[in-house]
Amino acid sequence: MKIHEYQAKEIFSRYKIPVTSETVCYTIDEAVEAAAKLGLPVVVKAQVLVGGRGKAGGVKLARTKEDVPEMAGKILGMDIKGYTVEKILIAQGVKFSSEFYVGLTIDRNSKSVIFMASIEGGVEIEEVAKENPDAIHKFVIDPDLGMTPFLARKIAFSLFTDFNLVKQGADLFQKLYRIFMDTDSSLVEINPLVITADGKLLALDGKMNFDDNALYRQSAIEALNEPTEDELKELDAKEKGLTYIRLDGSIGCMVNGAGLAMATLDLIKYFGGEPANFLDIGGSSNPQKVIDAMNLILSDKNVKVVMINIFGGITRCDDVARGLIIALEKIKVEVPIVVRLSGTNSKEGLEILKMANLPIVETMSEAAQKAIELCAKN
Amino acid sequence: MSILVNQNTKLLVQGVTGRDGSFHAGKMKAYGTNVVAGVSPGKGGMEVDGIPVFNTVEDAVKATGANASIIFVPAPLAADAVLEASEAGIELVIAISEGVPTLDMVKVMPYLAKKGTKLIGPNCPGLISPGEALVGILPGNIFLKGNVGLMSRSGTLTYEMVYQLTSNGIGQSTCVGIGGDPVAGLYYLELLQMFQDDPDTKAIVLIGEIGGDAEERAAQYIQDHVTKPVVAFIAGQSAPPGKRMGHAGAIISSGSGTAEEKIKAFENVGVKVAKIPSEIPDLIKQVLK
């Protein structure tokens, strides 16, 4: 789960990490009022849950009184990578010298939290990672020790020469680690962290992502969730025990297991088709799940054919077949369906489907090819 | 021979009285696994499918000499269950539980390292040495005893691959589902080494997916340390960036962790990569010639 910059900075503030003075605004009038209170110049920043706002024109410096309504008007309602800007941040313009990057994330290889620090702040860190990976210092944090003062100092010394800044940095990094652990984050970033004209460290921007698996114990964080329309569908699916992700194609997919679902999408693409969704119905053959899954797939009007790919392991194919028959009796499906059942009790399952006159195939590859063929006809 | 589990495995089931725990305890026992005990706090003295239930792992180990444990407890309790098994001296812990907070796993890792406990999972289907022991939720009937070692981040995709191998008469030494979470126990490198050292494993199948760089590291490891032939498959070639494809760890972030990079890494070190799952049996036949 992601939150907005202003929300991340509110959390930083609670831990006494210095951030810019700022106000969230939903209208041009609110923006004008906020700018008047803060004093010019101000930075107008789109608040969307996607990166690359600056490049998309979603961050502008307003120097004059007239700039504020003009820029706020331009940015509000703007589309950034499919996200509509519904709120903007009016932040006090700050004079600063250097820009740094600092961030915390989970490192799969060391199985630890790592701290990343770079003197190349203010630009997209992914770019730095690609072009100049040595410019990013990484520090593995021992889970038993946490962010010790000496480690925080070591990180600070990698960025600053002035001891006054080292002291401020070490303090800030320890707070940042506390935030990461307290909120079950998967990413906490300040980019850029700047040195103001009076020699103080300040978080000019903030980014936080969270571990979805831990939201059950982070109700305050979960309350900040603002799912998009597609994500609402995904959340709704999750409550029904399904994992759904909408894609752009026209072949609807119903698969058991995440890995097999991914491989199914790959196979459709391999044979020249375009999948409409990722849908993992999990390990159960409960007819209700099949009905829910079918409804979900068909809620996407681009779907022209449905491909069902079930590998029976613990899930028995005859159970799935029975579930499918019940599902098809309950809901009207106007697009063709291709079914592939394999594994445990597949013979019995296929018999049941045959009686219902459903087109069945033996292998994944055949199913994908048949679905593509039917899709082209429709 | 095989790796990790065999006839000498004495299995303990944590969460044995739960719905999944009791169901799979029975299945594993029916397969022939030596299931010696179950643990369910407050239900000590009970029996599930003829398996004695204890209140603590320590009691179970003392009474039965259990040396491996499989965990079916709900995700919020899983990390503690792993620690309890480790503390009681269990050598191999398999965590099936799905949805475990990542930081919970980060926090248990140093203790497991200190105790020398091997962990598989969480969010994994477990493992099987066909004909010897099934420790997990894998469907035992699709496996065949043989000489191919298999490791995978996915469950059903593994079954799909195994089914194709078995249908082609290619048996398996051990198949390990390492799980789909970003922070997990035994991973490709450790398992590659175990299969390399196992005299009965003649070839290795590695099933990876998008996210992280474990496959790239595995490719490097294969080049440096593995002389047995390895065949790979990577799921998620068509996955959109930034979306979590069912598994918590299966996400392309900031353009890295893509299937293309992983396939390239394998091909660069001479590992054959199947473009579609049905190519796996033929590739194995080729490398075993």
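1. Helix axes in this note are lines fitted to C-alpha atoms, for helices over the stretch in contact, and angles run from 0 to 180 degrees between N-to-C directions. Helices (H or I, at least four residues) and strands (E, at least two) are DSSP runs, numbered from the N terminus. The model is predicted: local features need pLDDT of at least 70, side-chain atom pairs count only at pLDDT 80 or more, and totals for chains, interfaces and linings use all residues. Residues are numbered from 1 along each chain as its sequence is written, chains are lettered from A and ligands numbered from 1 in the order in which they are written, and side-chain values use heavy atoms, with hydrogens and water left out.

2. In chain B, helix 6 (residues 188-197) and helix 7 (residues 214-225) have axes that come within 9 Å and cross at roughly 30°. The contact (heavy atoms within 4.5 Å) includes Leu192(B) and Gln196(B) from helix 6 and Tyr221(B) and His225(B) from helix 7. Its residues divide into seven nonpolar, three polar and two charged; Ala, Val, Leu, Ile, Met, Phe, Trp, Tyr, Cys and Pro count as nonpolar, Asp, Glu, Lys and Arg as charged, and the others, Gly among them, as polar.

3. A further pair in chain B is formed by helix 5 (residues 156-167) and helix 9 (residues 280-288), whose axes come within 9 Å and cross at roughly 55°. That angle makes helix 5 of chain B oblique to helix 9 of chain B. The crossing is again right-handed. Met161(B), Gln164(B) and Leu165(B) of helix 5 meet Ile280(B), Pro281(B) and Ile284(B) of helix 9, a contact of five nonpolar, one polar and no charged residues.

4. In chain A, helix 5 (residues 149-159) packs on helix 6 (residues 163-182) at an angle of about 130°, the axes being 8 Å apart.

5. The contact between the chains takes 47 residues from chain A and 59 residues from chain B. Together the chains bury about 4,100 Å², 62% of it on carbon and sulfur atoms; buried area is the accessible area (1.4 Å probe) that two parts lose on being put together, summed over both. Two salt bridges are counted between chain A and chain B (a side-chain nitrogen of Lys or Arg within 4 Å of a carboxyl oxygen of Asp or Glu). Arg217(A) and Asp104(B) meet in a salt bridge at 2.8 Å, N to O.

6. Over all chains the count is 28 salt bridges. Glu124(A) pairs with Lys55(A), the closest N and O atoms being 3.8 Å apart. Glu124(A) lies in the loop between strand 8 (112-118) and helix 4 (125-131) of chain A and Lys55(A) in the loop between strand 2 and strand 3 (59-62) of chain A, so the pair ties together parts that are 69 residues apart in sequence.

7. A cis peptide bond joins Leu40(A) and Pro41(A), with omega about -5°; Pro41(A) is in the loop between helix 2 (28-38) and strand 2 (42-46). Asn191(A) and Pro192(A) are also joined by a cis peptide bond, with omega about 5°, and Pro192(A) is in strand 10 (residues 185-196). Asn357(A), although not a glycine, has a positive phi of about 65°.

Terms used: Angles under 35 degrees count as roughly parallel, over 145 as roughly antiparallel, 65 to 115 as roughly perpendicular and the rest as oblique. A crossing is left-handed if the near helix is turned anticlockwise from the far one by less than a right angle, and right-handed if clockwise.
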